[in-house]
Amino acid sequence: MIPAKFDYVRPSSVEEAVSALQQAGEDAKILAGGQSLLPVLRLRMAAPSTVIDLGGIPELKRIGEDDQYVMVGAMATHHEVMRNDLIKQHVELISQATETVADPQVRHRGTLGGALAHADPAGDLGAAALALDAEFVILGSGGTRLVPAAEFFQDYFTTAIGEGEILTMIRFPKYTGWKTHYEKFNRVAQAWSMVAVAVALKVDGGSISEARIGLTNMGNVPIRATGVERALVGQAAGPDVAKAAAEHATEGTSAPSDADAAADYREHLAKVLTGRAVLAAAG
Amino acid sequence: MTEVRVTVDGVNYADDVEPRMLLAQYLRETLGKTGTLIGCDTSNCGACTVSLNGQSVKSCSVLAVQADGAEVTTIEGLARDGTLHPVQEAFRECHGLQCGYCTPGMIMAAVDLLGDNPDPTEQEVREGIEGNLCRCTGYQNIVRAVQSAAKTMKPGAAQPTEQAAPVAGGGN
């Protein structure tokens with residue numbers, strides 16, 4: 001359980017980190033919280049030549065806001081994210097999804113940016129970020145670019161972060177007052193999601209005026225359940241409406257089959273969990 | 001080699017380590033703190049849990065160099081002057097262990113939980129130790145032990161209050 005040898009760099013600014021990344025070349029790996037990377041290194045499923053540790057850059061941990069957005073530094077830990085008042089108030093879905101990640105020890109180290117950049121299809125934060133139209137601030141030698149969530153997740157463990165680039169911040173439009181819920185189904189307490197559903201509803205005068213729904217582990221990337229969203233808009237959230245809308249949950253999905261669940265079982269789960277999540281969100 | 005300076009159980013250390021050295025290895029092999037156990041290769045079991053700057057972490061999933069400048073408390077730093085920490089005492093009292101392999105990690109996770117939530121419900125205890133596996137499946141008494149420790153550690157409880165610090169800093 002000992003990683004292969006690597007060179008270790010701990011830059012103290014994002015600019016230093018980008019230049020370290022470019023010097024180190026394509027075999028370099030970025031270390032955020034390390035809760036996915038360290039297990040992979042230990043099992044020698046990866047053997048990077050250089051590990052660039054972002055842990056020494058305080059600005060990457062900042063959480064702040066402006067009129068429109070809540071901005072979360074990529075190195076904010078899950079523990080910090082789930083207890084942050086700005087996030088609770090304006091993007092509660094992120095707090096709720098984060099609470100379900102792994103276990104307390106992992107949440108003390110693991111980071112929002114690290115989890116999103118790792119892009120495990122079973123990870124909980126991608127579906128929530130996608131549903132909320134989060135934007136990803138990515139820094140490279142040419143400066144900063146902003147990538148919408150719909151373009152960020154490209155494939156299994158693959159994102160829009162290019163070679164020599166670093167994810168520095170995730171910004172979320174504010175959804176103050178929205179009703180949200182993250183419904184997760186897994187095998188045992190600390191396990192990854194078999195399937196999970198992220199729901200955010202805007203409810204005006206008893207009826208749903210806007211719905212945003214993301215699915216975890218129903219394809220190689222997080223998926224937006226647009227069919228369910230359309231079926232909910234204009235309706236009053238109740239058991240019949242939720243059940244009927246949830247029938248659309250598998251549209252556009254390509255659920256994997258693995259040791260945890262076969263694809264058809266995942267499809268069944270997606271519908272059941274979507275129904276539950278909509279009802280729980282509507283409260 | 002990279003230099004790491006760290007305080008472990010109240011004692012300052014400075015060592016040159018390979019960057020690939022895990023904190024768990026550093027504690028066990030360099031410092032001889034074998035109270036911290038390694039139980040799995042997958043980060044699931046939590047046997048290697050220690051406190052890093054006041055938060056529980058799995059020391060197999062942290063590099064020793066990442067702990068540079070940090071304060072670490074291991075299971076070996078909990079007891080003071082031969083007196084067990086209230087959580088250790090509660091595990092003994094409630095028979096919260098069978099083979100004992102998960103115990104150091106369970107206790108470190110429980111200490112972290114009680115520091116955060118001094119009066120957890122049974123469900124909160126179970127969630128608080130979800131990062132730790134007991135292969136004897138002795139969870140029943142582990143949960144009882146944590147709840148019993150919570151009672152002991154409450155301000156004004158019958159036990160001496162100087163033991164009630166959620167994480168003992170070691171030393172002195």
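Accessible areas here come from the Shrake-Rupley method with a 1.4 Å probe, and for residues only the protein chains shown count as cover. The model is predicted, so to speak of local features pLDDT must be at least 70, while side-chain atom pairs count only at pLDDT 80 or more and totals for chains, interfaces and linings use all residues. Residues are numbered from 1 along each chain as its sequence is written, chains are lettered from A and ligands numbered from 1 in the order in which they are written, and side-chain values use heavy atoms, with hydrogens and water left out.

**Exercise 1. What is the accessible surface of chain A, and what share of it belongs to carbon and sulfur atoms?**

Step 1: the surface of chain A comes to about 11700 Å². Step 2: carbon and sulfur atoms hold 47% of that area. Step 3: turn to burial, where buried means under 20% relative accessible area, exposed over 50%, and partly exposed in between (1.4 Å probe, protein chains only). On that scale, 56% of the 283 residues of chain A count as buried.

**Exercise 2. Which radius of gyration does chain A have, and what would a compact globule have?**

Step 1: the radius is taken over C-alpha atoms, and the globule rule is 2.2 Å times the number of residues to the power 0.38. Step 2: for 283 residues a compact globule would come out near 19 Å, and chain A has 19 Å, which agrees. Step 3: for the outline, the C-alpha trace of chain A spans about 60 × 45 × 30 Å along its principal axes. Step 4: for the make-up, chain A has 12 helices and 14 strands, where helices (H or I, at least four residues) and strands (E, at least two) are DSSP runs numbered from the N terminus.

**Exercise 3. In what pattern do the helices and strands of chain B follow each other along the sequence?**

Step 1: count five helices and five strands in chain B. Step 2: read along the sequence to get β-β-α-β-β-β-α-α-α-α. Step 3: check the packing; the radius of gyration of chain B is 16 Å, close to the 16 Å from the globule rule for 172 residues, so chain B is as compact as a globular protein of that length.

**Exercise 4. How far apart do the C-alpha centres of domain 1 and domain 2 of chain B lie?**

Step 1: take the bounds, 2-77 for domain 1 and 86-153 for domain 2 of chain B, which come from an automatic or database domain assignment. Step 2: their C-alpha centres lie 21 Å apart. Step 3: their contact (heavy atoms within 4.5 Å) takes 18 residues from domain 1 of chain B and 11 residues from domain 2 of chain B.

**Exercise 5. Is Gln66(B) buried or exposed?**

Step 1: find Gln66(B) in the loop between strand S4 (55-58) and strand S5 (71-73) of chain B. Step 2: its relative accessible area is 9%, so Gln66(B) is buried. Step 3: list what Gln66(B) touches, not counting residues up to four places away in sequence: Tyr8(A), Arg10(A), Leu31(A), Ala32(A), Asp53(A) and Arg109(A).

**Exercise 6. Where is Lys271(A)?**

Step 1: Lys271(A) sits in helix H12 (residues 263-282) of chain A. Step 2: at a relative accessible area of 27%, Lys271(A) is partly exposed. Step 3: Lys271(A) and Lys243(A) are 28 residues apart in sequence, yet 8.0 Å apart in space, C-alpha to C-alpha.
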